[in-house]
Every structure is written in C-alpha cells, then in structure tokens.
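Let's take a friendly walk through one protein model and look at how its charged side chains pair up. Keep the 3D view open as you read.

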Amino acid sequence: MAEAHQAVGFQFSVTQEGVDVRLSHQALTEIYLSGVRSWRKRLVRLKNSVKTGVYPASPSSWLFVVVAILATVYTRSDPSMGLIAKIQENLPIRQSMSTQCQVLVSAVLFSTMLWLLLIFTMRMVLKQLLSYHRWMFEPHGKMSTTTKVWVALVRIFSGRKPLLYSYQGVLPNLPVPAIKDTVKRYLESVRPLLDDTQYERVSKLAAEFESSLGNRLQWFLKLKALWASNYVSDWWEEYVYLRGRSPLVVNSNYYIMDFLYVTPTPIQAARAGNTIYALLLYRNRLNKEEIKPWLLRSAVPCCSYQFERMFDTCRIPGTLTDTLQHVQDSEHLAVYHKGRYFCLRVYHAGRLLAPREIELQIQRILDEPSAPSSGEAELGALTAGDRTAWAKARAKHFSSGVNRSSLDCIEKAAFFVTLEEDEHGMLGDDPEASVDRYAKALLHGKCYNWWFDKSFSVVFYKNGKTGLNGEHSWADAPVLSHLWEWAMATECFQLGYNAEGHCKGEADSSIPEPQKLNWEIPAECEEQISQSLAAAQALADDVDVHVLIFRDFGKDKVKRCRISPDAFLQIALQLAYYRDRRRFCLSYESSMTRLFREGRTETVRSCTNETCAFIEALEGGEPAEVCRRLFRMASEKHQCLCRMASTGAGVDRHLFCLYVVSRYLGVESPFLKEVLSEPWRLSSSQTPYQNMEMFDMVNHPEYLCYGGGFGPVADDGYGVCYLVLSGNVFTFHISCKNSCPDTDARKFGAQIRKALQDLLQLLSPSQKTPSKTEERLPEVKKDL
C-alpha cells in the first residue's frame, strides 16, 4: 500500500562510476516544512515559558515598571534610595558610556530587579493563599467573612488570563500528616470491619509502630517533602504502576464510552476523520497552553502537570520496572486494521490534514487488501501480557532492523487507533446486554488489537461507534475524560458531517497513502505472543462488566434533600454491598489531591462507623426518623473525609510512602505490612463532567458520554465507576470476576438500583420513586 518513492527521502544506486544519488524534491520539501513547524512550536513554548515564569505578572508589566522608574529618575527623584547610584558605580563598562547612558542602564537594571522582586513576592503571597483550605469545610452555600476576603485576595493576586501551566509554580506542596493523626484515622476506618479481638490486635501493632519505627520513617519522609515537589507522586507512579509486572489489560487500563443514544454518522472512516482531527486540535491547544486551568469555585487552581504526557507518550517495558517515553509533537498515528499496522502521517505540506483528508486516509486503510505478515496479527498481545516477558521479547526481537523501525512508529505515535470489523453500542432487542458487551469490549478488546502501552488508544467500530482505552501510569482518568469530552463536543457541534454522513470539506487526493509497517517475527517470538495472548485472554474471559443507567431520578432531587450527591451515591453503594454480601468491607473511593503541586489521588475510606450504623438501623427496621438522622450523620462524615483527603489529610498515601521508606531502609513493619495487604473489595471512583459549556444538555440530552469503567481490584470484589449526568441520570459501570461465586455484576447493579430508590424514599417520603424500566432514547443519526 505504501508508495516507496514517497516514503523515502532519497534513492541511490551503485554504478561503475560511483554512487548515483537522486534526491526527492517532495521529501526535502516535507523536511523543510517540518523544520519550520517545529521551530514555530519552539517559539510558542518559549513565549509561554516566559509568561508562565513571570506569572501572576505579565511580561508587559516589566515595561511599565521601567517607564515608571525612569520617569521618577528624570524628575530628579530617587525611588531606589541610592541603589541606582550604586549600580552606576559598579557598571563593568561605565568608562565607555556617557553619564546619561550610565543612568539609563542603571535605572533599567534596578527596574528589572524591582520587577523580579515584586513577582517573587506576589508568587509567595499567592502560594500562601492557596495553602488555605478551610473554605472546603464550610457548609455548602454559607461562606464565612474570612473565606470571602480570601477569595478576593486570590483573585487579585492570580493575574489575568492564566495559561494551562501558569499556576504550577505557586501551588503549595502536599503536606506530610503527623504520624499520630494518620494512625488514629486508620484505626477509625477499620473499626466497623473488625471484631473486638481483631481490633485490639491491630491497635497494639499501630501503637508500637507509632512509638518506635514510625517516627524514624517520618523523619525521612519529611526530608523528602522539603526536597521534592510532591512526596507521593513519583513513588506512586513508580511502585503502583511502572513496577507492576502483571498484565495491564483489566488490571490497570480503563475505558471511556461514546454517546449511547446517538451515532453522529454510521460511516466508520468519517467518524474516525472528525474524531482524530478533534483530538489533534486539542493537542495543538495543549501545546500552546490554551486550555484553561481547572479552577474550583472559579478561583482555586488545580495542578495541570498530568496534561504534559497526554499525547506522544508510551509505556516502555523493562525487566524490573517500566519507563514512560515522551516525544515532542509526533506527526503520525499508528493504526491497526485486520491484523495489519499502518503509519498514518497527519501533516502534509506544512499543515494538519483536514477531517475529510483524514477520512480519506482511513478509508484507504480499510480498503487495503494485503494480508498480515507472519506473527503480525496478534503482535499487540505482547503489550497485554506479563510485563517482564514483553520486556525480554522486545529486547531480543525488536532492538534492530525492520522490527525496530516499525516498533518506533507505534511507540512514538501521537496515539493509537484501531479500526474494528465488529459493531457495538445499544443494539438489538436487548439493549442492556448490548451495552454491557460494548463496555467489556472497550475494557480489553480482543487482547491484541490495541497497543495497551500507549497513553491512550481510540477504537472505531464498523457501525460508527467509538471509544477510548487509557493507560493509567501517566495520569488519572479525569484528565483523559476532559480530552474525550472536548473532542466529542468539537466533533459533533463544531465540525459536523454533510448530508451523506461524510466529513465536511474537500480532500487532496494527492496526499501520500498510509504506510504499511513491515515485520520479521521469528517463531520464538510468535510463541511468546501466543503465551501473552493466552494470559490476557484468561483475564478478559474472567471479567464481567455491567452498565447501569439509572433514570428514576438524578442529582437534582438529591440536592433538594440537602445531601451531597457523592455522599448519597457512596452510601447507596455501601447499602447495596451489605444487602448483596450481608457484611461490610474495606471500601476505596478515589479523591483528587490536585490542589497541591503534582498531586494525583488519595483514598477516601467510605465504609465508616456512621454509615454502618445507618445501614444496620435501616435493615433492622428502626423508625424512619432515626434512620434519617443517622443517614445525615453518615453523609456529613463522608463529606468530611472527602475534604480531608483532598487537603492532604488522608490515610493511605502517607502509609504507602512510609512503607516505601521502610523498604529502602531494609526494616520490617508488621503494622505497615498488614495495612498494605488488606484487599479493597469495593473500589469506586467518580469521573465528573468537566466541559459542560460545550454541551447543550437541554436541547441535545442524547449527546452525553455515559462514562467509563475499570476492572475489579480484588478477585472477590467489585469495581464501580459512576457518573452524575445532567440532573436526572446516574450511570454506574460495575465490574467483577466470573471466577468468584459470590460476585455478580448484574445482581449488584439491581441492588444499587433498589438502594437508590430506598434512600430517596427515606429522605423524601412524599415523593414516589417507582421502579421503572430504563428509558431508551432512539438510536438516531444526526447531521449537524
């Protein structure tokens, strides 16, 4: 399929007269245009670096300070209190300068130093302001005078029009909690899960740790916190993700869905054309830092460092630990179709290909008739299997020659694209089952048709449906979700499709066709591919996924009960689990710590004494008034835990880092060993909508992404990812293992549905919440 004379920069032949070299004019032109584009991007990055470096001031403020100082100097005033004269006396080349020039240069130098001092002061003040977190603990809708003054000061010192990374230098560092506080909160979290004898044993281990080894480990941790930007994040990335040797599929990677109730176009190539173009537009905005930083309450910034490795990133396997490889501005994509890999260049003649041109290139791949080479079809299974085995195979079979070149094309691509022959979505007479199959397909695919090491892979199904699978080590799901929401909104509401369902515009048919990658896979490598595929397929076959779309009510009714929607849903999950298993379990809810520099996540231990007391009262038939009182206590406790986790007062990341220090020191801690060995039988997270202004949910409610999910953390537990959609929909993505006889995703989904209905009925007894069958919006094709 690839045209050799267009893919190679020059051709040569050996003759009797010597070597005859014929340069390709087109290739040289592309090289020149690529260089120009690269230098433009470097200049943009340099300009943005200057803006970010002087934030919250602006580069133009330097000129204002200089002019102001010069004006005072020439009016015979001395705002420097003699410093300008001192600078003038010590100028190294003052002999070759006139007196007036000396004064001018000295005043400019003083102005620059004054300007830098003002910037430093403003940054320190803003950093101290952002270290204030009491506003999070105030009742919703009630802001104290102190907080009002604080918000005003933050807005004053925050400057105007910040870039994506403008706040990075002023965000506070994550604080290290006191040992006694962490141990106390840990013991409180496990109390409802242990009987008196077990609790007494754990309490003794905790007291021994706190009074002896804990203080020594804490000293090293505080030393790291003084030196590092974040005392958790680098170790979390390395030990939780990169050093993991188990397969990424199901265990680590996660997925995000497409729209359920609408397909913008049924043409596979057209859907790919617009979506890929939208993703690349986002990358351009990301490179220019034009994406707005996330602000809580329109004033408090969140860390943006996770955005840096969104594109052009790949996880590289190692025998002991993996690494993350990030390149700058890759100009191609890696595409998989029917067992073949292709290199799709997305720039031509110095410009990004238009959507219609990308559609043409995708269609060329779909129409390409060649068969995969030996071992190529299931090659991607290496990225789905054991990490050490993949590292050894990569070093032995992909370190040189044509395999090295083809592998580079995949690993250095902007992202990975899969074109599938299957159809998915809400299909057939059983839409619920079809959505479950769709979610399961997005979680692991066929275990060989995606490159699981890429920062993210996008799949396009034959009927126009799409979806995304993300690698977890480089960032957390909300970051990739932001990209996906933006791309889908841009695809449908800005780019659109013509009446036939194709991308709008015209295509330049002279664009070189995508290049098919070549491989030379030996029999030994094919055997390793088969082994990796078998291991990954066993994981995929064992996982069960169910998507619950709850339409009986949504966050609007919950808020009218003066309850936090997240607390409401978490208590519902606890109630559903108790009814399902007749016991409580250690529960994990992910909470962000991005109020701090390079912050990622913290654990909210959502199975609390208060929640257990409420559930026992409800299931025990206590009066409704008693249950309502206990429910509000449980809700308030949960909100408090979420706020503490977000402000650096969590339990698990601190204990995790203490454990890492203990391993470095070569000492054993029975307490830490027990803490980190406890299974999370109920693991949950919420991925909130972040691009609400891009979706018209009133006129286009069908254009909503219904979230995504992940695999279960424990073999005998559940993984639940939920999404609060608009005002009247909750979505739950539930996963578990088929091999466990005690778990059933659909049964647990039914328990969640009943728990939601029962809780609302308890809080609003006058409101009827009958159990309804899920509404199904018609599957339609929209031409925008």
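## Charged partners and a helix pair

In this predicted model, a network of salt bridges links R245, R315, D322, R387, D453 and E471. What lies behind such links? Side chains of opposite charge can pair when their charged atoms come close. Searching the whole structure turns up 41 salt bridges.

| Pair | Closest N to O distance |
|---|---|
| K747 and D580 | 3.9 Å |
| D758 and K754 | 2.8 Å |

D436 has a relative accessibility of 3%, so D436 counts as buried.

Now move to K747, which forms a salt bridge with D580. K747 belongs to helix α24 and D580 to helix α19 (residues 565-581), so here the pair ties together parts that are 167 residues apart in sequence. K747 has a relative accessible area of 47% and is partly exposed, whereas D580, at 11% relative accessibility, counts as buried.

D758 counts as partly exposed at 24% relative accessibility, and K754 counts as partly exposed at 40%.

How do α13 and α17 run relative to each other? The axes of helix α13 (residues 387-397) and helix α17 (residues 523-542) come within 11 Å and cross at roughly 160°. Angles over 145 degrees count as roughly antiparallel, so α13 is roughly antiparallel to α17. Their crossing is left-handed.

Which residues make the contact? From α13 come A389, A393, K396 and H397, and they meet E524, C525 and Q528 of α17. The residues of this contact divide into three nonpolar, two polar and two charged.

To finish, go back to R387 in your viewer: R387 is one of the residues in the salt-bridge network, and helix α13 covers residues 387-397.

Note on methods
Residues numbered from 1 in each chain as written. Predicted model: local features only at pLDDT ≥ 70, side-chain atom pairs only at ≥ 80, totals over all residues. Heavy atoms only, no water. Salt bridge = Lys/Arg side-chain N within 4 Å of Asp/Glu carboxyl O. Buried < 20%, exposed > 50% of the residue type's maximum accessible area, 1.4 Å probe, protein only. Helix = DSSP H or I, 4+ residues; strand = E, 2+ residues; numbered from the N terminus. Axes fitted to C-alpha atoms, helices over the stretch in contact; angles between N-to-C directions. Parallel < 35°, antiparallel > 145°, perpendicular 65-115°, else oblique. Left-handed = near helix turned anticlockwise from the far one by under 90°. Contact = heavy atoms within 4.5 Å. Nonpolar A, V, L, I, M, F, W, Y, C, P; charged D, E, K, R; others polar.
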